Structure formats: C-alpha cells, structure tokens
Amino acid sequence: LIDTFPLPPAGVFPASPDQARAAVEGLSTRVQLIQGPPGTGKTTTTALAVLLRVLAGGGPGDVVLLSAHTHTALDNLLERIDRYRDAFARHAAAAGRVLPTVRLVKVHTNDPTQHVVG
C-alpha cells in the first residue's frame, strides 16, 4: 500500500523504498524513532508511518501521541498528516481497507504552572 501511494499534493511519486520500509517496520514497535539530517524525508516518513499504523490497528477512540524536537517540527508533521490523510484514505479504500477517522489535535498550554513538577 505504501509502495504505491502517490504522495500529495502532486500525486506523482510514491515514497522512497527506505521511507516505505521504515513506515512498515514501525508497525512492529510500540515506539518508533526516526532521525536524520534536514531534507532526508523524516516528516514524510513519519506521516506515512502514523497513517499506516492507524490503518493497521487503529480503532475508535485510539490515541497516537507524536513528539518532535521543536514546535515547528511538530506543526510540520501535523500539517503533513493532514495533507496526506484524505488521499491515503482513498488509496486504502481502493485496496479494500478502511482508514478509521483521524482527528489531529495539538495540546499546548501557556500556563507555566503546567510545567512544574512538584
């Protein structure tokens, strides 16, 4: 499924073999770490891994927690998942799979007392 998913917005090229492999290998783990220098496709790989994980075993009410080194990195990841979500759902449906509803929520607080460990 990942090998043939045309990445939006152009919808011309699929993920690289390394990206597809990382997304699939992550299915057998509870926690997956993806790291690399800028421009290597970490955001795309992570977005695909999240959508694939939801497709493979997600159910109503399930929660997937995502973390990143910076707020910008997390914002970019959430935007990428949002960009891929509908096209991925259609691609999965064409293969006879149903992607559960994916709702993206960012938890953030400006209350400094929320960061105090006591």
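Good morning. The structure is a predicted model, in which local features need pLDDT of at least 70 and side-chain atom pairs count only at pLDDT 80 or more, while totals for chains, interfaces and linings use all residues. Residues are numbered from 1 along each chain as its sequence is written, and side-chain values use heavy atoms, with hydrogens and water left out.

Let me begin with the overall fold. The protein chain has three helices and zero strands, in the order α-α-α along the sequence. Here helices (H or I, at least four residues) and strands (E, at least two) are DSSP runs, numbered from the N terminus. Along the principal axes, the C-alpha atoms fill a box of roughly 50 × 35 × 25 Å.

I turn next to contacts, where contact means heavy atoms within 4.5 Å. Among contacts between residues at least 6 apart in sequence, 63% join residues at least 24 apart.

Now the surface. The chain exposes about 8200 Å², and carbon and sulfur atoms supply 55% of that area; accessible areas come from the Shrake-Rupley method with a 1.4 Å probe, and for residues only the protein chains shown count as cover. Of the 118 residues, 28% are buried. Buried means under 20% relative accessible area, exposed over 50%, and partly exposed in between (1.4 Å probe, protein chains only).

Two residues illustrate these classes. Val24 is found in helix α1, residues 17–25. Val24 counts as partly exposed because its relative accessibility is 45%. The C-alpha atom of Val24 is separated by 9.9 Å from that of Ala56, 32 residues apart along the chain. Thr45 belongs to helix α2, residues 42–57. Is Thr45 buried or exposed? With a relative accessible area of 6%, Thr45 is buried. Leaving aside residues up to four places away in sequence, Thr45 touches Gln19, Ala22, Ala23 and Ile34.

Finally, the core. In soluble globular proteins, nonpolar side chains tend to be buried together. A nonpolar core is a set of buried Ala, Val, Leu, Ile, Met, Phe, Trp, Tyr and Cys residues joined through side-chain atoms within 4.5 Å. The largest such core has 22 residues, of which Phe5, Leu48, Leu51, Tyr84, Phe88 and Leu99 touch the most other members. The elements giving two or more residues to this core are α1, α2 and α3 (71–94). Which element gives the most to this core? That element is α2, with eight residues. As for Leu99, its contacts include Leu51, Val54 and Phe88, not counting residues up to four places away in sequence.

Thank you for your attention.
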